[in-house]
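Here are some notes for a first look at this model. Please keep the sequence and the 3D view open side by side while reading.

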Amino acid sequence: MQPTSEATRQALLKLLALAAGPGFSDATGAETVSSEIDRCIERTKAEASEGAALVDACAPHGRTMLTQAQKRLAQLEALKTLELVARENFGPL
């Protein structure tokens with residue numbers, strides 16, 4: 001079985017939905033996978049900043065929020081790497 005461009009795109013979007021979580025990925029399919037991932041990365045960075053601010057303010061849930069955002073960011077960065085490899089093979093997805 002040879003993966004197609006569309007099958008690869010759909011697989012990356014499914015992985016994005018898993019990595020980003022329900023509140024972060026609202027992929028409509030209108031954008032490229034790369035821009036969808038980038039948008040999720042920016043949202044996650046904002047969440048991490050908010051978590052860091054809560055940690056500084058000694059809020060009890062700040063550390064959890066920051067840790068979750070950092071984990072999600074690592075997953076999204078890994079997905080971005082996979083998307084770059086797929087783009088080399090298929091062009092923009």
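1. Start with E42. This is a predicted model, and in it E42 counts as partly exposed, at 48% relative accessibility. The side chain has a partner: K45 forms a salt bridge with E42, with the closest N and O atoms 4.0 Å apart. K45 is partly exposed, with a relative accessible area of 38%. Both residues lie in helix 2, 3 residues apart, about one turn of the helix.

2. Move to helix 3 for another pair. R87 and E83 both lie in helix 3, 4 residues apart, about one turn of the helix. Their side chains meet in a salt bridge, 2.9 Å from N to O. E83 counts as buried, because its relative accessibility is 1%, and the cut-off for buried is under 20%.

3. K80 forms a salt bridge with D38, and the closest N and O atoms are 3.0 Å apart. This pair links distant parts of the chain: K80 sits in helix 3, D38 in helix 2, and 42 residues separate them. K80 is buried, with a relative accessible area of 13%. D38 is partly exposed, at 34%.

4. Salt bridges that share partners join D38, K80, E83 and R87 into one network. How many salt bridges does a search of the whole structure find? The count is 7. As background, side chains of opposite charge can pair when their charged atoms come close.

5. Check the cysteines. A search of the whole structure finds 0 disulfides. C40 counts as buried, at 0% relative accessibility. C58 is exposed, with a relative accessible area of 68%. For reference, a disulfide is a covalent bond between the sulfur atoms of two cysteines.

6. C40 also has a contact through its backbone. The side chain of T44 reaches the backbone oxygen of C40 at 2.8 Å. T44 lies in helix 2, which spans residues 33–56. T44 counts as buried, at 1% relative accessibility.

7. Finish on the surface. Which residues form a nonpolar patch there? They are L15, L18 and L82, with about 310 Å² of accessible area together. L82 is found in helix 3, residues 62–90.

Conventions. Residues are numbered from 1 along each chain as its sequence is written. This is a predicted model: local features need pLDDT of at least 70, side-chain atom pairs count only at pLDDT 80 or more; totals for chains, interfaces and linings use all residues. Side-chain values use heavy atoms; hydrogens and water are left out. Patches are made of residues with over 30% relative accessible area and no salt bridge: like charges are joined within 9 Å, nonpolar side chains (Val, Leu, Ile, Met, Phe, Trp, Tyr) within 5 Å. Accessible areas come from the Shrake-Rupley method with a 1.4 Å probe; for residues, only the protein chains shown count as cover. Helices (H or I, at least four residues) and strands (E, at least two) are DSSP runs, numbered from the N terminus. A disulfide is a pair of cysteine sulfur atoms within 2.5 Å. Buried means under 20% relative accessible area, exposed over 50%, partly exposed in between (1.4 Å probe, protein chains only). A polar contact is a pair of N or O atoms within 3.5 Å; within protein, one must be able to donate a hydrogen and the other to accept it, and residues adjacent in sequence count only if both atoms are side-chain atoms.
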